[in-house]
Amino acid sequence: MDLFKQPELPPDTETHRTCGECRISKPLTEFYHDGKNSDGTAKYRRDCKECYNIKRKQNALIKKRKKQDEDRKLQARARGRRKR
Ligand SMILES: [Zn+2]
């Protein structure tokens, strides 16, 4: 048994590609553009719109929490300064 072997993915086609995150074959319309190849053909992100949006939301949440943390620290510092 080879535990490290990835499950077989359906190959990318002209109209479909497999999302690197959920590993589901989806039409290209379900992927965001990511610039162009050197030969001028459109490139697509490895992850589908769904996964991209989930990740974006998670990142936004992490960023928000980080900012709240920093704000709290700044406020604590400001309060400390005011006491002096
Ligand atoms: Zn996906």
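Me: In the hairpin of β3 and β4, how many residues lie between the strands, and which residue takes a positive phi?

Reply: Strands, like helices, are DSSP runs numbered from the N terminus, where a strand (E) needs at least two residues and a helix (H or I) at least four. Here the hairpin has five residues between its strands, and Gly 40 takes a positive phi near 90°. This is a predicted model, in which local features need pLDDT of at least 70 and side-chain atom pairs count only at pLDDT 80 or more, while totals for chains, interfaces and linings use all residues. Residues are numbered from 1 along each chain as its sequence is written.

Me: In which sense do β3 and β4 pair, and over how many bridges?

Reply: Two strands pair if DSSP finds at least two bridges between them. Strand β3, residues 31–36, and strand β4, residues 42–48, pair in the antiparallel sense over three bridges, and the partner of His 33 in β4 is Tyr 44.

Me: Which residue other than glycine has a positive phi?

Reply: Most residues other than glycine have a negative phi. Arg 23, however, has a phi near 60°, and this residue lies in the loop between β1 (16–18) and β2.

Me: Is Cys 19 buried or exposed?

Reply: A residue counts as buried if 20 or more other C-beta atoms, placed from the backbone, lie within 10 Å of its own, as exposed if 12 or fewer do, and as partly exposed in between. Cys 19, in the loop between β1 and β2, is buried because 20 other C-beta atoms lie within 10 Å, whereas Arg 23 is partly exposed because it has 13 C-beta neighbours inside 10 Å. Across the protein chain, buried residues make up 6% of the 84 residues.

Me: Which residues does Cys 19 touch, if those up to four places away in sequence are not counted?

Reply: Two residues are in contact if their C-beta atoms, placed from the backbone, lie within 7 Å. Cys 19 touches Ile 24, Lys 26, Asp 47, Cys 48 and Cys 51.

Me: What is the radius of gyration of the protein chain?

Reply: The radius of gyration is taken over C-alpha atoms, and the globule rule is 2.2 Å times the number of residues to the power 0.38. A compact globule of 84 residues would have a value near 12 Å, but the protein chain has 22 Å, and its C-alpha trace spans about 65 × 40 × 20 Å along its principal axes.

Me: What is the mean pLDDT of the protein chain?

Reply: The predictor's confidence in each residue, called pLDDT, runs from 0 to 100. The mean for the protein chain is 89, and 90% of its residues reach 70 or more.
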